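Have a look at the model first, then follow along.

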Amino acid sequence: MILHSILKKLALFMLPILGALVLQAAYGAVDLLVVGRFGSTSGLSAVSTGSQVLNLVTFVVIQFATAITILIARYLGEKKPERIVSVIGGGVIVFAAISIVLFFLMVVFAHPIAVLMQAPAEAVDLTTSYVRICGSGIFFIVAYNLMAAIFRGLGDSKSPLLFVLVACIVNIVGDLILVAGLHLDAAGAALATVFAQAVSAVILLIKKKLPFKICRSDFRLNDQCGKFFTIGLPLALQECLTQLSFLALCAFVNRLGLEASSGYGVACKIVNFAMLIPSSLMQSMASFVSQNVGAGNQKRARQSMFTGIGVGLFFGCFVFALVLLKGDVLSGFFTTESAVIRN
């Protein structure tokens with residue numbers, strides 16, 4: 001009975017998180033799909049390579065922001081709102097600094113990154129444009145994920161889903177206008193992605209209010225910063241190493257030509273969608289378990305953990321069978337090129 005109650009609450013909290021992550025991943029997938037059908041093969045290769053770089057940045061930021069979720073959920077369970085305010089204030093300063101660093105790296109070093117990724121010669125300039133444009137909008141990407149982490153820590157997983165749904169619609173419309181209509185190829189896809197993230201972040205900031213007041217003086221480095229660094233850095237490093245392995249593989253495959261590069265990019269999109277299930281589970285468990293730990297209910301926290309492991313195993317088997325048996329069908333959603341699908 002207790003496990004059934006935990007499973008029901010976990011599912012209700014997890015599904016909006018999974019939906020938001022799916023929609024966020026859909027940015028790159030829609031870019032790939034529209035460019036694959038209305039752009040060039042070089043543009044498809046550029047988007048597949050550039051989106052690998054963007055995935056590295058986005059997923060590392062998401063994992064680091066999970067530390068904010070954990071701390072807020074724990075202090076919520078302990079009924080210590082003043083510490084929640086300190087976590088949010090310190091988090092804004094730290095993530096603003098991260099945004100500035102990422103902006104500099106992605107804008108200034110866009111071309112070296114494209115070369116390092118072994119982008120095919122025909123796609124180097126397009127890959128550079130994609131990375132540079134996405135880097136220019138990195139502030140919106142970081143801001144959205146920070147705010148989403150805050151609301152999930154407060155037990156609200158539905159608001160980030162609703163706002164990212166709006167952004168996804170904006171991205172689809174933008175892709176159709178800029179790529180299919182104006183034929184801007186990879187650059188158009190990048191512009192649509194950045195604009196969609198900006199809409200998502202701005203709407204979430206304006207429409208959704210926190211349940212307590214934060215003063216200007218709260219936005220400073222404080223003792224909570226050290227705590228979420230302690231929790232967040234191992235999570236971010238784990239994600240960074242995983243994404244770097246994908247980047248290395250992408251660089252190796254890019255040397256095999258445009259068709260191999262595009263095929264690998266499509267395959268990575270499918271893998272990224274599959275990995276959203278454990279990612280959403282982890283973010284759900286972070287909030288769910290932390291609130292129970294904060295409330296002193298260790299037994300329920302442990303039961304929640306094992307319930308999450310069981311759910312992850314079930315979905316893992318389902319995705320394995322789907323990809324193994326219908327991988328060519330899934331690839332066909334992103335491109336009509338038979339050689340790319342074979343790769």
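**Aromatic rings**

I began with Phe228, which counts as buried at 0% relative accessibility. For this label I use relative accessible area with a 1.4 Å probe and protein chains only: buried is under 20%, exposed is over 50%, and partly exposed is in between. A note on provenance before going further: this is a predicted model, where local features need pLDDT of at least 70, side-chain atom pairs count only at pLDDT 80 or more, and totals for chains, interfaces and linings use all residues. Residues are numbered from 1 along each chain as its sequence is written, and side-chain values use heavy atoms, with hydrogens and water left out.

How many aromatic pairs does the structure hold? I found seven. Rings of Phe, Tyr and Trp (its six-membered ring) pair if their centres lie within 6.5 Å; planes under 30 degrees apart count as stacked, over 60 as edge-to-face and the rest as tilted.

One of the pairs is Phe104 with Phe109, edge-to-face, with 80° between the planes and 5.9 Å centre to centre. Phe104 is partly exposed at 46% relative accessibility, and Phe109 is partly exposed at 39%. I then went back to Phe228: its ring and that of Phe229 have centres 5.8 Å apart and planes at 20°, so this pair is stacked. Phe229 is partly exposed, at 33% relative accessibility. I also noted that ring pairs link Phe228 and Phe229 with Phe64 and Phe95 into a cluster.

**Helix 2 against helix 3**

Helices here are DSSP runs (H or I, at least four residues), numbered from the N terminus. Helix 2 and helix 3 pack with their axes 10 Å apart, at an angle of about 175°. The axes are lines fitted to C-alpha atoms over the stretch in contact, and angles run from 0 to 180 degrees between N-to-C directions. Which orientation does that angle give helix 2 relative to helix 3? Helix 2 is roughly antiparallel to helix 3; angles under 35 degrees count as roughly parallel, over 145 as roughly antiparallel, 65 to 115 as roughly perpendicular and the rest as oblique.

Contact means heavy atoms within 4.5 Å. On the helix 2 side, the residues making it include Leu54, Val61, Phe64, Ile68 and Tyr75, and on the helix 3 side they include Arg83, Val87, Phe95 and Met106. I sorted the residues of this contact into 18 nonpolar, one polar and two charged. In that sorting, Ala, Val, Leu, Ile, Met, Phe, Trp, Tyr, Cys and Pro are nonpolar, Asp, Glu, Lys and Arg are charged, and the others, Gly among them, are polar.

**Helix 5 against helix 6**

Next I looked at helix 5 (residues 124–136) and helix 6 (residues 138–153), whose axes come within 4 Å and cross at roughly 55°. Helix 5 and helix 6 are therefore oblique to each other. Cys134, Gly135 and Ser136 of helix 5 meet Ile138, Phe139 and Ile141 of helix 6. That contact has four nonpolar residues, two polar and no charged.

While in helix 5, I checked Arg132. Arg132 is partly exposed, with a relative accessible area of 34%. Leaving aside neighbours within four places in sequence, Arg132 is in contact with Met106, Val107, Val108, Ala110 and His111.

**Loops**

Is Lys79 buried or exposed? Lys79 is exposed, with a relative accessible area of 70%. It sits in the loop between helix 2 (41–78) and helix 3 (81–108), and its phi is near 60°, a positive value in a residue other than glycine.

His183 also has a positive phi, about 60°, and is not a glycine. I located His183 in the loop between helix 7 (158–181) and helix 8, where it is exposed at 58% relative accessible area.

Asn222 lies in the loop between helix 8 (185–207) and helix 9 (223–254). Asn222 is buried, with a relative accessible area of 15%. Not counting residues up to four places away in sequence, Asn222 touches Ser86 and Gly90.

**Last entry: Gln283**

Gln283 lies in helix 10 (residues 258–294) and counts as buried at 7% relative accessibility. Which residues does Gln283 touch, not counting those up to four places away in sequence? They are Ile17, Leu21, Ile62, Thr66 and Arg152. Gln283 and Ile62 are 221 residues apart along the chain, and their C-alpha atoms are separated by 9.2 Å.

Note on methods
Helix = DSSP H or I, 4+ residues; strand = E, 2+ residues; numbered from the N terminus.
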